[in-house]
Amino acid sequence: MVSRVMASLAEGHLNVPIVCEYKPGASGALAFSFVARRPSDGYTIGHAPVEIAIVRSLGYADIGPSDVSLICLVSKTAPALVVHPDSPWQSFEDFIAAAKAETGNIVMANSGIGSIWHFNILLLEQGTGARFTHLPYGGSAPALVSVIGRHSDAAVAAVGEVISHVRAGSLRALAVFDAGRAGVMAEVPTTHELGYPIGAPAWSGFYGPAGMPAERVAMLADAFKTAFETTEWAEFCRELGMEAHYLGKEDFAAFALEQQRFFESRIPQLVRLENP
Amino acid sequence: MAEILAGLSAVLAWQVLGFLAIGVCLGAVFGALPGLTATMGVALLTPLTFWVSPEQGLAMLLGIYCGTIPSGGIPAILINVPGTPASIAASWDGYALTRKGQAGLALGINALASTTGQLTSIAFLAFLAFPIASFALRFGPAEYFGLTLLGVSLMAGVSGGHVLKGVLAGTLGLALALVGLDPMTAYPRYTFGMSEFLDGISFVPVMIGLFGLGEVLVQISDRQSAQVSAAAAIGRVLPRIADAKRMARATFSGAAVGTMVGAIPAAGGDIGAVIAWEQARRTSSDGDSFGKGSLSGLAASCSACNAAIGGGMTTMLTLGIPGDAVSAILIGALLIHGIQPGPLLFANNQAFVFSIVFLMIFASLLIMVIGILGAKPLAKVLSIPAPWLWAGIIVFGTVGAYALNNAVTDVWAMYAAGVAGFLFRKTQIPLGPLVLGLILGPLMESNLRRALILSRGDWSAMLTRPILLVFLAATLLSLLWPLVRARRGRAKRSQDTVPDA
């Protein structure tokens, strides 16, 4: 969705049509490997979600941010902790206290083991000392449905994925895992404010095969920058609860590598946390 | 009442109806081509709708949705290749009718029953949305397991008399469903180190191979073609009044089953149609004819897979949660247009809900007209010389398998499934159970394991859930029914050939 909207906004500045091809599979690992094998002429580029910094640590594909030409970053999405509105937990503190009091009694739905939102749950356990019973689903939507239907107690998913249910009153948001408050949920406190500096956001950028000529990268980055600055992009991000956030080539590369190091160092610890 | 009229007037603009008609026609094309599914049609065209008003965009997307499913039955009936997974059950009786020279009638029933199913489910959406939604929300892991267990127990019913071979095929389907990342631990299983297999065996290419390519290979090896034996007959399109009356019960109970199954998230028209078909078979006085060209069987499955549309839309609009893959994309499309599905939509913007209801009614009627008028020209496919038809099926099957995920692996999976389908037919192993296993396996496994996580590994705790108990009882009934029937002395041991499941 990010790619299609960005493509339609950037097309005009490149004077070539952009064709979006959808390659699902293995947390994006299939798509990353596909793009990395294409000629580095700038005519095949890919959408780089946070998973590009994760798949190697999970062993899905031997590819990471340093194996491709990163172009730019266009958005970020923070995770949020949600519970059912009829649950006894009114605040993040209530929830953590309850989870600590009865180890494993709170059932936490996640969007799949190894997904970015599952890592955030593990970071939450690590940061607070709370322990949950993990209930894996294939994606955020069914995980949230299980909380709405009261089959599980809580879930962590993107702010953009929970916002509609929070507005409709079918879910209650307890915390956003970020340093600053989310624009669409300004009333919800952040983990940093609450004294737990945890949270790994999802993000979206673009990349091409390794060794792309610098001027091609610059040209594409410019086109995406122009698209980024349109009101349509701001509007799209607001509707989907994402934060429009731009990082140029160098900043994005530094950020992605730092993210990769973060996941590389944390994933083994987090896996141990779950299987003591 | 004012809201109903406001909803109607919002869609009675020629631009809106024009986009609806475009959507229905595109949907009809998508549905008729195997490999191009409703999900894909809606996903591909969603970006196009950014440039038009929300009503126009929604009209087009709903048109595609309502157009694809009925037309998916057309190739299922004519060439035994389901156009979408939802039409698998339609091929069982539909293709049998074609071989009897009644292709026209089968297409006519497909059109009529599809629209009946859609309209019934739309009526449920308009008047019973909230009760249905709260029923759907009660489906936790244990209930999903019950539903899928009932589905798997139907394997015997779709085995056409060869129960042991049916169980063999079904078990193979369940085993194939294990390939890919373990749903609970994300550990790769049976992937042989290939990342292409991490997401499991893609279902649609396998379906195209088993049914499409497999059928072609059988016909080639038999040196005879179905349409020659059926004398390329099309026959009448509209059913006789007496036939229509006999099909009415199967059609409407199929619609009710389809709506309920469609409303449950993650269970769609494919599962709904199989359950409705089996339910119609079991309650029919002529159950033995099912799978051999039963009009009621075809009507029940066509009606149910289409009723799942209204069911899925009900869950989406009332709860803001997707009932199936298509409505998941529709939610995204609505959000981009600034419309928030959920309970508040019904409270604050009822006119909009009725706009959707009317758009779906119009789309449903339009696809029925297209289906009936198109029946005779479409059935001409059968008079294409066999080698050309075979080549066409192979070409479309290959393109369709590739188009789904843009993956060459899927094409190989399709060819492998084709060879398997050929061998199965030659050894009279029914394909229906295999497909059931492949569809239901992942849902069944992951939900059983989730239910056990929730009950802390205690099997007996699951038995306190009423909906699960109903499913378990229905499963037992479905397994014991043949014994009961045999005792009543009504069963005539049918040793006929396997239906082309």
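Chain A contains 10 helices and nine strands in this predicted model. Of the 276 residues in chain A, 57% are buried. Contacts in chain A between residues at least 6 apart in sequence are joined in 74% of cases by residues at least 24 apart.

**Nonpolar cores**

- The largest nonpolar core comprises 123 residues, and those with the most contacts inside it are A:I71, B:M313, B:L330 and B:M360.
- Helix α19 of chain B, residues 432-454, gives the most to this core, contributing 11 residues.
- A second, separate core has 48 residues, including A:V55, A:I113, A:L124 and A:Y207.
- Once residues up to four places away in sequence are set aside, A:I71 touches A:I45, A:F206, A:Y207, A:G208, A:M212, A:V217, A:L220, A:A221, A:F224, A:G248, A:K249 and A:F252.

**Helices α6 and α7 of chain A**

- The axes of α6(A) and α7(A) are 11 Å apart and form an angle of about 30°.
- Angles under 35 degrees count as roughly parallel, so α6(A) is roughly parallel to α7(A).
- The crossing in which α6(A) passes α7(A) is right-handed.
- On the α6(A) side the contact is made by A:S140, A:L144 and A:I148, and on the α7(A) side by A:E161, A:V162 and A:H165.
- By class, this contact of α6(A) with α7(A) consists of three nonpolar, two polar and one charged residues.
- Helix α7(A), residues 159-168, is largely enclosed by the rest of the structure, because seven of its 10 residues are buried.
- The buried residues of α7(A) are A:V159, A:G160, A:V162, A:I163, A:S164, A:H165 and A:V166; A:V162 and A:H165 also belong to the contact with α6(A).
- After α7(A) comes A:G169, which has a positive phi near 80°.

**Helices α3 and α4 of chain B**

- Helix α3(B), residues 38-45, packs against helix α4(B), residues 54-79, at an angle of about 160°, and their axes are 9 Å apart.
- Angles over 145 degrees count as roughly antiparallel, so α3(B) is roughly antiparallel to α4(B).
- The crossing of α3(B) past α4(B) is right-handed.
- From α3(B), the residues B:A38, B:G41, B:V42 and B:L45 meet B:M60, B:L61, B:I64, B:Y65, B:T68 and B:I69 of α4(B).
- The contact of α3(B) with α4(B) has eight nonpolar residues, two polar residues and no charged residues.

**The loop between α4 and α5 of chain B**

- B:N80 is located in the loop between α4 and α5 (88-99) of chain B.
- Although B:N80 is not a glycine, its phi is positive, at about 65°.
- B:N80 counts as buried because its relative accessibility is 0%, under the 20% cut-off.
- B:T84 lies in the loop between α4 and α5 of chain B and counts as buried, with 2% relative accessibility.
- Apart from neighbours within four places in sequence, B:T84 is in contact with B:G31, B:L36, B:T37, B:A38, B:T68, B:I69, B:G72 and B:M207.
- Three of these partners, B:A38, B:T68 and B:I69, also take part in the contact of α3(B) with α4(B).

**A positive phi in chain A**

- A:R150 is not a glycine, yet its phi is positive, at about 60°.
- The position of A:R150 is in the loop between α6 (140-148) and β6 (154-158) of chain A.
- A:R150 is partly exposed, with a relative accessible area of 46%.
- For context, most residues other than glycine have a negative phi.

- B:A417 lies in helix α18 of chain B, residues 408-426.
- With 7% relative accessibility, B:A417 counts as buried.
- The C-alpha atoms of B:A417 and B:G209 are separated by 4.7 Å, and the two residues are 208 residues apart along the chain.
- Setting aside residues up to four places away in sequence, B:A417 touches B:V206, B:G209 and B:L210.

How values were computed. Residues are numbered from 1 along each chain as its sequence is written. Chains are lettered from A and ligands numbered from 1 in the order in which they are written. This is a predicted model: local features need pLDDT of at least 70, side-chain atom pairs count only at pLDDT 80 or more; totals for chains, interfaces and linings use all residues. Side-chain values use heavy atoms; hydrogens and water are left out. Axes are lines fitted to C-alpha atoms, for helices over the stretch in contact, and angles run from 0 to 180 degrees between N-to-C directions. Helices (H or I, at least four residues) and strands (E, at least two) are DSSP runs, numbered from the N terminus. Angles under 35 degrees count as roughly parallel, over 145 as roughly antiparallel, 65 to 115 as roughly perpendicular and the rest as oblique. A crossing is left-handed if the near helix is turned anticlockwise from the far one by less than a right angle, and right-handed if clockwise. Contact means heavy atoms within 4.5 Å. Ala, Val, Leu, Ile, Met, Phe, Trp, Tyr, Cys and Pro count as nonpolar, Asp, Glu, Lys and Arg as charged, and the others, Gly among them, as polar. Buried means under 20% relative accessible area, exposed over 50%, partly exposed in between (1.4 Å probe, protein chains only). A nonpolar core is a set of buried Ala, Val, Leu, Ile, Met, Phe, Trp, Tyr and Cys residues joined through side-chain atoms within 4.5 Å.
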